[in-house]
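Welcome! Here is a friendly briefing for someone opening this structure for the first time.

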Amino acid sequence: LQPLARFAVATGLRQKNVTHLEWSQVDVARRVAWIHPDQAKGRKAIGIPLSDEAVCVLTVQVGQDKRWVFPYRGKPIGKIKTAWGKALKRAEIENFTWHDLRHTWASWHIMAGTPLEVLQKLGGWSDIRMVLRYAHLAPEHLASFANNYATRLRHSLAAA
C-alpha cells in the first residue's frame, strides 16, 4: 500500500482514483494525470499536475502492468479496507482513514500558502465551501487585511 498512499498524499486523489488509475491517464513526461468525468465525484474532468513525489512513485510503477498503474495480480486493487487496517495497526495509528490522506494533502497545501481557489482546482472540488474547511490552517492569507480598519480609525480620531 505504500506506493498508493504516497501517491495519494502527493496528489490529493480519492482512493478509487488512485487504485483504478490507468497508464492512459498519465503523462509522466508532461508531469500530468487526469481523472475522467465519469471517475470524478463531481462528474467533471480533473487535471492533476504531478509533483516530484508523485513522479517518483510513478517511475517505480512503470513496467509492473500495461494497463494499471497500481496493479494487484493484474487487476486494479478492489477494497483495501482490511489491508489498510492492518497497516495502521502495525504503524500504531488510530482513527485514520484512507480519505485522511486527501485531508492531509489539502492541509499541507494550505499551510504552505496555496491559495484556496488554486486548492479547489487541484482537488477537483466544485464548491469552494468544501475548501474553506482548511482555511483556518493558514490565517496568514488574511494578514494583509488586518490593518484595513486603521484608516477609518485615524479619520475618526482626527475628526474628534
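Predicted model: local features only at pLDDT ≥ 70, side-chain atom pairs only at ≥ 80, totals over all residues.

Residues are numbered from 1 along each chain as its sequence is written, and side-chain values use heavy atoms, with hydrogens and water left out.

**The largest pocket**
- The largest pocket has a volume of about 210 Å³ (a pocket is an open set of points on a 1 Å grid over the protein atoms alone, where a 1.4 Å probe fits, with protein on both sides within 12 Å along at least five of seven lines; lining residues have an atom within 4 Å of a point; the volume is the space filled by probe spheres set on the points, which are joined across faces, edges and corners).
- Its lining has 13 residues, and R14, K41, R102, W125 and M130 are the closest to its centre.

**The second largest pocket**
- The second largest pocket has a volume of about 170 Å³.
- Among the residues lining the second largest pocket are L1, W84, I93 and F96.
- At least two lining residues come from each of α1 (2-11) and α4 (helices are DSSP runs of H or I, at least four residues, numbered from the N terminus).

- E92 has a positive phi of about 55° although it is not a glycine.
- N95, also a residue other than glycine, has a positive phi near 55°.
- E92 counts as exposed because its relative accessibility is 71% (exposed means over 50% relative accessible area, with a 1.4 Å probe and protein chains only).
- N95 counts as exposed at 78%.

Definitions and conventions
Buried < 20%, exposed > 50% of the residue type's maximum accessible area, 1.4 Å probe, protein only.
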